[in-house]
Each structure stands twice: as structure tokens, then as C-alpha cells.
Amino acid sequence: MDASDSSDADATDAAAAAQRSPDHHRDRDHDRDSDGMLADSDGMLADSGGMLAEQLLRLTRRLHRIQSRQLEPIGITPAQFRLLRTVASYEAAPRMADLAQRLDVVPRAVTTLVDALEASGRVRRAPDPDSRRVVRIEITDEGRATLRSLRNARRAAAEEILAPLTADQREVLGGLLSALVDGMPGRRC
């Protein structure tokens, strides 16, 4: 069993524990932490919020590992994928500052990502027609082709994660995730 299998088993155990009644928790070895929350012998929070947060973090890490594994043959990192996807989302080629703001990163991070994507032929720097000092970032045909491949890899990663769920469960999960994403103020990814 590799580390991801262990992590998946932990997430399954956590899901089962979250569905148990509060009385069941009293049957296990629990202590109260400094906030009065129930914690098991490993220090894991037994409250539903702590358990849900842990499950979400484990699921996110698993999805990231799967996506990274699928992106590797394409020769792009998850951060480069995010930048490429962001560049493609603009109607007109964005400035580096626009990308830094949209991605919520420092401009230097965008420069490093653009350098790598430009070296691979996926984006190009272009002068702004209205200002000689401004540089715009344009997606190339190679970048668009890469983006199509990356979207397919992303769908495959999501399908791998969602494989254990029925169609009805997927629909419920989609609604719950939409409620969480729509409830987040001002963040765009």
C-alpha cells in the first residue's frame, strides 16, 4: 500500500466517523482540546467542522497528486497550467500586472511562469499598441493545444476522484461545492 492508498483509507475512516452519532464518539478514546472540541487519541478533531476540513484537505492533496501525475507527460506544472488558463480567459491579451492580480500572486511569480511558458512556445510577450512600456501576454496556438490537453487531463483526474460516487451522489456533491465556491467572497481561480 502506498502513501496515497493510506491517505485514501484515512479519508474513508474520517467520512465514516463524521456520519456516526455524537454518542458513538463517547465510546472511543477522546479528550477535549483547549477549545473544548473532542479530539481522538491522535489529536484529530472529532467535530464535524474539523473532520470536514481534514477530509477536504486530504481530497485536495489527492487531486493535486493525480493532476500533477497527468500533467507531467505534457511538460507543464500545475502553476503554469493555472497561468495559461488565466491568460486564455481574457478577451484581450492581459498585462503581467493583470495576471498577478487575478492569480493573487506577486508579479515576480508571474514573470517566472511566463518565462517558462514562453520558452516552451505556449505564450509570447507582445508590445501594447497604446504604450511602449506595457507588455501583453498572448496565448499561442501551441498554448491553446496544450490547454485542450490539460483540460482533458483535468477531467480524467476528476473522474478518478469521483469514480466511487453514483450519478446522484455526484449531483449532490456538485451542488454542495457550488454553494461553497459561490459563498467565497471575491476569489477567482
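Not counting residues up to four places away in sequence, Gln80 touches Gly75, Leu113, Ala116 and Leu117, a contact being heavy atoms within 4.5 Å. The model is predicted, with local features needing pLDDT of at least 70, side-chain atom pairs counting only at pLDDT 80 or more, and totals for chains, interfaces and linings using all residues. Residues are numbered from 1 along each chain as its sequence is written, and side-chain values use heavy atoms, leaving out hydrogens and water.

**Exercise 1.** Classify the packing of helix 4 and helix 6.

*Solution.* Step 1: the two pack at an angle of about 90°, with axes 10 Å apart. Step 2: angles of 65 to 115 degrees count as roughly perpendicular, so helix 4 and helix 6 are roughly perpendicular to each other. Step 3: helix 4 contributes Ala79, Gln80, Leu83 and Leu84, and helix 6 contributes Val110, Leu113, Val114, Ala116 and Leu117.

**Exercise 2.** List what Leu83 contacts beyond four places in sequence.

*Solution.* The partners of Leu83 are Leu99, Leu103, Val110, Leu113, Val114 and Leu117.

Terms used
Axes are lines fitted to C-alpha atoms, for helices over the stretch in contact, and angles run from 0 to 180 degrees between N-to-C directions. Helices (H or I, at least four residues) and strands (E, at least two) are DSSP runs, numbered from the N terminus. Angles under 35 degrees count as roughly parallel, over 145 as roughly antiparallel, 65 to 115 as roughly perpendicular and the rest as oblique.
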